[in-house]
Amino acid sequence: YKIRKRYQVVIRGMISEEALSTLKSGVEIDSGTVSMDSVKMIKFKKEDTKTELEVSIHEGKNRQIRKMFEAVGFEVIIKAGNRAIKDRDKQRQKKL
């Protein structure tokens, strides 16, 4: 549960800075208070009113991301990912 996981998320609508801040600081869902390690807006598609975000969490509660966005008033349309973020220094090491 202490491994950070990164997801690409698409929500319906344009998310505010206030909602992003709330997600980082923590929201109440049915399994308790949860927060995101980071959440970053990647792009907003005005023509179909969708926002694409990158989210990192260290917990993995059932439907956590979907429930967190619902708590701040947004519907998750697509969630892709669940890639563990590895120590980048280890990835860069080379054998001599």
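**Ground rules.** I am working from a predicted model, in which local features need pLDDT of at least 70 and side-chain atom pairs count only at pLDDT 80 or more, while totals for chains, interfaces and linings use all residues. Residues are numbered from 1 along each chain as its sequence is written, and side-chain values use heavy atoms, with hydrogens and water left out.

**Overall layout.** I counted 3 helices and 6 strands, where helices (H or I, at least four residues) and strands (E, at least two) are DSSP runs numbered from the N terminus. Read from the N terminus on, the order is β-α-β-β-β-β-α-β-α. The protein has 96 residues, and 32% of them are buried. I then looked at contacts (heavy atoms within 4.5 Å): among those between residues at least 6 apart in sequence, 70% join residues at least 24 apart. The accessible surface comes to about 6,600 Å², with 46% of it belonging to carbon and sulfur atoms; such areas come from the Shrake-Rupley method with a 1.4 Å probe, and for residues only the protein chains shown count as cover.

**Salt bridges.** My search of the whole structure returned 4 salt bridges, each being a side-chain nitrogen of Lys or Arg within 4 Å of a carboxyl oxygen of Asp or Glu. One of them joins glutamate 52 to lysine 43, with the closest N and O atoms 3.9 Å apart, and lysine 43 is partly exposed at 41% relative accessibility. Another joins lysine 67 and aspartate 30 at 3.0 Å, N to O. That pair links distant parts of the chain, since lysine 67 belongs to helix α2 (residues 64-71) and aspartate 30 to the loop between β2 (27-29) and β3 (32-34), 37 residues apart. Aspartate 30 counts as exposed, at 63%. I also noted glutamate 59 with lysine 61, at 3.7 Å between the closest N and O atoms; glutamate 59 is buried at 17%, whereas lysine 61 is partly exposed at 30%.

**Strands β1 and β5.** Of the 8 residues of β1 (residues 5-12), 6 are buried, so this strand is largely enclosed by the rest of the structure. I found β1 and β5 paired in the antiparallel sense over 8 bridges, pairing being called if DSSP finds at least two bridges between two strands. The bridge partner of arginine 12 in β5 is lysine 50. Serine 56 also lies in β5 (residues 50-57) and is buried at 4%; its C-alpha atom is 5.3 Å from that of aspartate 37, 19 residues away along the chain.

**Helix α2.** I listed its buried residues as Gln64, Ile65, Met68 and Phe69. Seen down the axis of α2, these fall within an arc of 125 degrees, so they line one face of the helix; the arc is that of the directions from the helix axis to the C-beta atoms. An α-helix has 3.6 residues a turn, so residues three or four places apart point the same way. After α2 comes glycine 73, with a positive phi near 90 degrees.

Technical notes:
Buried means under 20% relative accessible area, exposed over 50%, partly exposed in between (1.4 Å probe, protein chains only).
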